[in-house]
Amino acid sequence: MKLGIIGAGNMGSSILKGVTASNFLENKNIAIFDLNKEKIEELSKEYGVKRAKSENEIAKESSILILSVKPNIIPKVLEKIKDGLTEKTIVLSIAAGISINFIQNIIGTDKKVVRAMPNTPAQVMEGMTAVSFNQNIQENEKSVIFKLLDSFGKSIEIEEKLMHAYTGISGSLPAYVYIFMEALADGGVLEGMPRNKAYEIIAQTVLGSAKMMLETKKHPGVLKDEVTSPGGTTIAALKVLEDGKFRGTVMEAVKACTEKSKEMVGE
């Protein structure tokens, strides 16, 4: 098996880092291509992977070909690689808003196509990736794709029509978390906490809270109740959040994000 990655930006580099660290493949069986030759030279030396000379070359040599380029570049890339693909090549696109059908219309409906959407924590190997497959992908091939995606976080299969909702609850979620953390730090500063210490405390607490939910499998409402004592400090704070329509505001934010995602691709 050979893996090719077209595009060496933040996400392409993160995928390369995860794949090489997890020993998904021997590094000699991984190739990368990008128009930025200096970037490719740097990554090739750092990870010991092959530098491809063109999009078509990497397409011909890859069993799995990851397209990690901007959505507006995808049509040009697909045109360049389509003649180098076979019915066995798995084309995995992480371009936002680019549907499986769009890709198939250019490279052919007989090709194996995967649509995936990782989020930015993939850059620190803690990404969450949603993935959808076309009808040509076999179950054993799905297992390989999950292993690849899990090398830089976790992955989950969803219906392709839910990719917009996924954007609302995960793709854009890091920004919601960061603004929440920033507001918490501002509150801490208001009460005399040094900002650098506030950020460290908050970041670790958010990390620990997420880990508790994942490892205990408890409903978030149950975990919330475990922190909330009768007549205590937490319930006083929660009342302020509820009075400010915190839940409803978050739900409206998800809705707005989802609708914008649909609008951007004309749905």
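1. A word on terms before we start: helices (H or I, at least four residues) and strands (E, at least two) are DSSP runs, numbered from the N terminus. By that count, the chain has 12 helices and 8 strands. Met11, a residue we'll come back to, is found in helix H1.

2. Keep in mind that this is a predicted model, where local features need pLDDT of at least 70 and side-chain atom pairs count only at pLDDT 80 or more, while totals for chains, interfaces and linings use all residues. Residues are numbered from 1 along each chain as its sequence is written, and side-chain values use heavy atoms, with hydrogens and water left out.

3. Now the overall picture. The C-alpha atoms fill a box of roughly 70 × 40 × 30 Å along the principal axes. Of the chain's 267 residues, 40% count as buried (under 20% relative accessible area; exposed is over 50%, partly exposed in between, with a 1.4 Å probe and protein chains only). Take the contacts (heavy atoms within 4.5 Å) between residues at least 6 apart in sequence: 61% of them join residues at least 24 apart.

4. Over residues 2-97 the chain is 40% helix and 19% strand, with the end C-alpha atoms 27 Å apart.

5. The unreviewed UniProt entry also lists a "binding site": Ile6, Gly7, Ala8, Gly9, Asn10 and Met11. Ile6, Gly7, Ala8, Gly9, Asn10 and Met11 from this set are in the lining of the second largest pocket. Here a pocket is an open set of points on a 1 Å grid over the protein atoms alone, with protein on both sides within 12 Å along at least five of seven lines, where lining residues have an atom within 4 Å of a point.

6. Gly9 lies in the loop between strand S1 (3-6) and helix H1 (10-21), and counts as partly exposed because its relative accessible area is 38%. Met11 counts as buried, since its relative accessibility is 17%. Beyond its neighbours within four places in sequence, Met11 is in contact with Ser68, Ile94, Pro118, Asn119, Thr120 and Ala122.

7. Finally, Ser22. This residue is in the loop between H1 and strand S2 (30-33), and is partly exposed at 35% relative accessibility. Ser22 and Asp150 are 128 residues apart in sequence, yet 9.1 Å apart in space, C-alpha to C-alpha.

Definitions and conventions:
UniProt positions renumbered as here; feature names shortened; annotations may be inferred. 1 Å grid on protein atoms, 1.4 Å probe; cavity = no way out; pocket = protein on both sides within 12 Å on 5 of 7 lines; lining within 4 Å.
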